[in-house]
Amino acid sequence: MAEPIIELDHVVKEFRAKGARTSTRAVDDVSLSIDKGDIFGIIGYSGAGKSTLVRMINALERPTSGTVRVLGQDITSLGESSLRPLRQKIGMIFQQFNLFSTKTVAQNVAYPLVLDHWRKDYLERRVNLLLRFVGLADQADKYPSQLSGGQKQRVGIARALATNPEIILADEATSALDPETTGEVLDLLKQVNQVLGVTIVLITHQMNVVQQIANHVAVMSDGRVVERGDAYSLFASPEQEVTKRFIATAISGLPDAERVVDIHRQWAGRIVTVLIRQKEARNELNGSWVSASGQNISELISKYAIPTNLVYGGIDTVAGSAIGAMTYELAGDAALVEDFLGELALNSDVFDFGTRQAPVEYGEAVLRPMPRKAGTVSAAADGDGRSAGQTDEDHDGGETR
């Protein structure tokens, strides 16, 4: 059974500006449990409260009410002297790296060990080990100004690991990096998690970062956790509109609003996007299951024999399972197209963007897919979440590209 390493119980954090009569609630009644060894993503737009929340995990902020337990200890009211040994078990990685410009790479990594009064030979051995781990052994004597953004963040990761922490808090750790460098840093964080067994809490507003690395995700909006679950289920079956907006920025193959306009310009027929979901997904908030999606498109196209053009699409992998979207132009008899879409929507999520002559507003199409008349797995699902009659072959789903 998984062991919680971080527990937040009905945590509230309020701030009051000097002279103000009322306070601002940055974190509003949040309860979360993060298991040891997990990579847990907390995502939200600017001002959602996610950075304030993570600062309560190492007691840089104290909750107005509620409790925070870290490594089995209630830290809510601990004094600074009692917090010091706990904080040594929590490393921090920052968006802007927070390196000392006048210290070398090795000196930056060594800084927490100097504060902890490590013996010089042990300190040097530890720094050399960490620089090899993050791939910067040949950069030890350089200064931050001589490094690329990705190298600076590798120094930040090495420094965060200096005191052998059990938890790493990464606050927008890739926001200042280009996509290629972001991928490299995320691969390194995966190594930190898998090789060293460090629990990682990742704070970000980038859904593609969560897609690449997180096992579990919580979505914050206006200080509250509005949705949470394993990464695949959150991508495959988002419930809240804020989550759907995030997902729309990350799912490979889902066209953005400008691309839909361009597709309408090029194709006169009905434009629909079908979500590809390899397997069923569970909604943690209400316990319901949603079945796989897009598994029978080819079969239905053949059955109805309507003129069809694949105009956009792509499939990625989230937590080891395929998820993506395919966009089609459907032409021919309008009544036949309606029948085709009606049957397709029985077991798939379909976004209807209308035709060139009668387009559907983008937000309406993406946030409110065509309603399913059947095929949604709910309380009738059996123990492993499959709907009645779903076979092992159906359960295994399709391929990733």
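The chain comprises 14 helices and 16 strands. The model is predicted, and the values below are computed from it. Of its 401 residues, 49% count as buried. The C-alpha trace spans about 80 × 50 × 45 Å along its principal axes.

**Overall organisation**

- Among contacts between residues at least 6 apart in sequence, 69% link residues at least 24 apart.
- The accessible surface of the chain amounts to about 19,000 Å². Carbon and sulfur atoms contribute 47% of that surface.
- Charged side chains number 41 positive and 51 negative. The centres of these two sets are 10 Å apart.

**The largest nonpolar core**

- The largest nonpolar core contains 36 residues. Ile93, Ile157 and Leu189 have the most contacts inside this core.
- Two or more residues each are given to this core by the helices α3 (105-115), α4, α5 (149-160), α6 (179-196) and α7 (207-213), and by the strands β7 (167-171) and β8 (199-204).
- Helix α6 gives the most to this core, with five residues.
- Isoleucine 157 is in contact with Ile93, Val134, Val185, Leu188, Leu189 and Val192, when neighbours within four places in sequence are left aside. Two of these partners, Ile93 and Leu189, are named with Ile157 as the residues with the most contacts inside the core.

**Leucine 130**

- Leucine 130 is placed in helix α4, which covers residues 120-133.
- Leucine 130 has a relative accessibility of 4% and therefore counts as buried, the cut-off for that class being under 20%.
- Beyond neighbours within four places in sequence, leucine 130 is in contact with Val109, Ala158, Leu161 and Ala162.
- Leucine 130 and glycine 332 are 202 residues apart along the chain. A distance of 63 Å separates their C-alpha atoms.

**Serine 233**

- Serine 233 is located in helix α8, residues 231-236.
- Because its relative accessible area is 7%, serine 233 is classed as buried.
- The side chain of serine 233 makes a polar contact of 2.8 Å with the side chain of aspartate 230.
- Not counting residues up to four places away in sequence, serine 233 touches Pro238, Ala281 and Arg282.

**Alanines with positive phi**

- Alanine 59 has a phi near 65 degrees, a positive value in a residue other than glycine. This alanine lies in the loop between α1 (50-55) and β4 (65-70).
- The relative accessibility of alanine 59 is 6%, so the residue counts as buried.
- Alanine 319 has a phi near 50 degrees, again a positive value in a residue other than glycine. Alanine 319 is found in the loop between β14 (308-318) and β15 (321-330).
- Alanine 319 is exposed because its relative accessible area is 55%, and the exposed class begins over 50%.
- In summary, alanine 59 is buried, whereas alanine 319 is exposed.

How values were computed. Residues are numbered from 1 along each chain as its sequence is written. This is a predicted model: local features need pLDDT of at least 70, side-chain atom pairs count only at pLDDT 80 or more; totals for chains, interfaces and linings use all residues. Side-chain values use heavy atoms; hydrogens and water are left out. Helices (H or I, at least four residues) and strands (E, at least two) are DSSP runs, numbered from the N terminus. Buried means under 20% relative accessible area, exposed over 50%, partly exposed in between (1.4 Å probe, protein chains only). Contact means heavy atoms within 4.5 Å. Accessible areas come from the Shrake-Rupley method with a 1.4 Å probe; for residues, only the protein chains shown count as cover. Lys and Arg count as positive and Asp and Glu as negative; His and the chain ends are not counted. The place of a charge is taken as NZ of Lys, CZ of Arg, CG of Asp or CD of Glu. A nonpolar core is a set of buried Ala, Val, Leu, Ile, Met, Phe, Trp, Tyr and Cys residues joined through side-chain atoms within 4.5 Å. A polar contact is a pair of N or O atoms within 3.5 Å; within protein, one must be able to donate a hydrogen and the other to accept it, and residues adjacent in sequence count only if both atoms are side-chain atoms.
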